[in-house]
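Here are some notes for your first reading of this structure. Please keep the sequence and the 3D view open while you go through the points.

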2 protein chains.
Amino acid sequence: MTERYLDDFTVGQTFRSGRLRINEEQIRRFASEFDPQPFHLDDKAARDTMFRGLAASGWHTAALTMRLLVEGELKPAGGIVGAGIDELRWPRPVRPGDELRVESEVLEVRPSKSRPEQGMIKVRSTTLNESGEGRYRSSSAILWCRANRLHCRKTPPVAGWKPRNWPIDVLHPFEQRWKNWLECH
Amino acid sequence: MTERYLDDFTVGQTFRSGRLRINEEQIRRFASEFDPQPFHLDDKAARDTMFRGLAASGWHTAALTMRLLVEGELKPAGGIVGAGIDELRWPRPVRPGDELRVESEVLEVRPSKSRPEQGMIKVRSTTLNESGEGRYRSSSAILWCRANRLHCRKTPPVAGWKPRNWPIDVLHPFEQRWKNWLECH
């Protein structure tokens, strides 16, 4: 699957991911490093808490969602680089044995005004278990995205060539893109 | 340090955390499991990306923030159990060698209407490096919190005693709390 540039995204597009199954040992290992609380570490201790049994840390669910997104269909050019998330929810915890997958929808596509080599897409993602029950939701993750293929070349379009040192908005659009290319390489 | 119940929190309270230093190997290990993209895996490959060098996955930063919160001063009774976050931002990436700490402020304290044994606090947390530069920000994480000490006992206040089976709002407040205790144990 090839990478998608800003122009390849449109509002309403949907993308899917593969599937990942999570087990008890993984839940405990993540928790012992990042979220060492009884309900994430020990099933017996977890029974006396509001979780009523071992549950994955919400950050483990978020990290697994990222893994599914990186390997999924979304593939923005330049990688999945997040600037932030507008709303994030964990409606129910992930349990040992759950098999997760992610569904994403493009909510907004916006070129950057200050950096024409880049743009931004807003994406809503939902992480579901094998029964289709929501386990995690990020309402509009804000991702950077490369604007066009020119900026992804590893060498300049003309070796040694430099755009004139004028304010970028008075340059020819082609020169603007080269100037941006030089600035982002 | 003892746990804090809902009544122990007031709007405007601030809490600090300890410090954690992150190294290159940890960044790569987290990324290879959860966010396998070049700018999180390999410093050389990362130089050709918008990160200009190895950077921690934003989810690694979030997970480290959780570790600092769990071991920090906040200590809500029942643990740090998040229902969601209203806004999450990564203004700049975390780099190898960064030493992180978290500052938190209570924004809201709200008893639950449907579950009087519980309440909710909203907390804004900022993760800073050793120079005091912001690396991660969660504007109002929504955390569950136990409402009072009665609900944290492991055995009922009077063994075998049961509140009358009336609608909870017509019971005596003390009986309400016991009913809630039984429901959440």
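1. Two strands pair if DSSP finds at least two bridges between them. With that in mind, look at Ile85(A): the bridge partner of Ile85(A) in strand 3 of chain B is Leu88(B). Please note that this is a predicted model.

2. The pairing between the chains goes beyond that one position. Strand 3 of chain A, residues 81-89, and strand 3 of chain B run antiparallel to each other and pair over four bridges. Arg89(A) also takes part, standing opposite Gly84(B) in strand 3 of chain B.

3. How many residues does the contact take from chain B, and how many from chain A? Each of the two chains gives 45 residues to the contact. In chain B, Phe34(B), Met50(B) and Trp59(B) lose the most area to chain A, and together they account for 19% of what that side buries.

4. The size of an interface is often given as the accessible area lost when the parts come together. For chain B and chain A the buried area is about 3500 Å². Carbon and sulfur atoms give 55% of that area.

5. In a salt bridge with an N to O distance of 2.9 Å, the side chain of Asp86(B) meets that of Arg89(A).

6. Which elements of chain B supply at least two residues each to the side that touches chain A? They are helix 1 (24-34), helix 4 (58-70), strand 3 (81-89) and strand 6 (134-146). The largest share, nine residues, comes from strand 3 of chain B. By class, the side of chain B that touches chain A has 22 nonpolar, 10 polar and 13 charged residues.

7. How are the two copies related? A rotation of 180° with 0.0 Å of shift along its axis superposes chain B on chain A, with an RMSD of 0.1 Å. The two copies are therefore related as by a two-fold rotation axis. In chain B, the C-alpha nearest the axis belongs to Glu87(B), at 2.7 Å from the axis. Of the interface residues of chain B, 100% are also interface residues in chain A, so the copies meet through the same surface.

8. In chain B, strand 3 and strand 6 pair in the antiparallel sense over seven bridges. Glu87(B), the residue whose C-alpha is nearest the axis in chain B, has Ser139(B) in strand 6 as its bridge partner. In chain A, strand 3 and strand 6 (residues 134-146) are likewise antiparallel and joined by seven bridges. There, Val81(A) has Trp144(A) in strand 6 as its bridge partner.

9. The remaining pairings to check are in chain A and involve strand 4, residues 99-111. Strand 1 (residues 14-16) pairs with strand 4 in the antiparallel sense over three bridges, and Arg16(A) has Glu103(A) as its bridge partner. Strand 2 (residues 20-21) runs antiparallel to strand 4 and is joined to that strand by two bridges; Arg21(A) stands opposite Glu99(A).

10. Strand 4 of chain A also pairs with strand 5 (residues 118-128) of chain A, antiparallel and over 10 bridges. One of the facing pairs is Arg101(A), which stands opposite Leu128(A) in strand 5. A hairpin of six residues joins strand 4 of chain A to strand 5 of chain A.

Key. Residues numbered from 1 in each chain as written. Chains lettered and ligands numbered in written order. Predicted model: local features only at pLDDT ≥ 70, side-chain atom pairs only at ≥ 80, totals over all residues. Heavy atoms only, no water. Contact = heavy atoms within 4.5 Å. Buried area = accessible area lost by both parts, 1.4 Å probe. Salt bridge = Lys/Arg side-chain N within 4 Å of Asp/Glu carboxyl O. Nonpolar A, V, L, I, M, F, W, Y, C, P; charged D, E, K, R; others polar. Least-squares fit on C-alpha atoms with pLDDT ≥ 70 in both.
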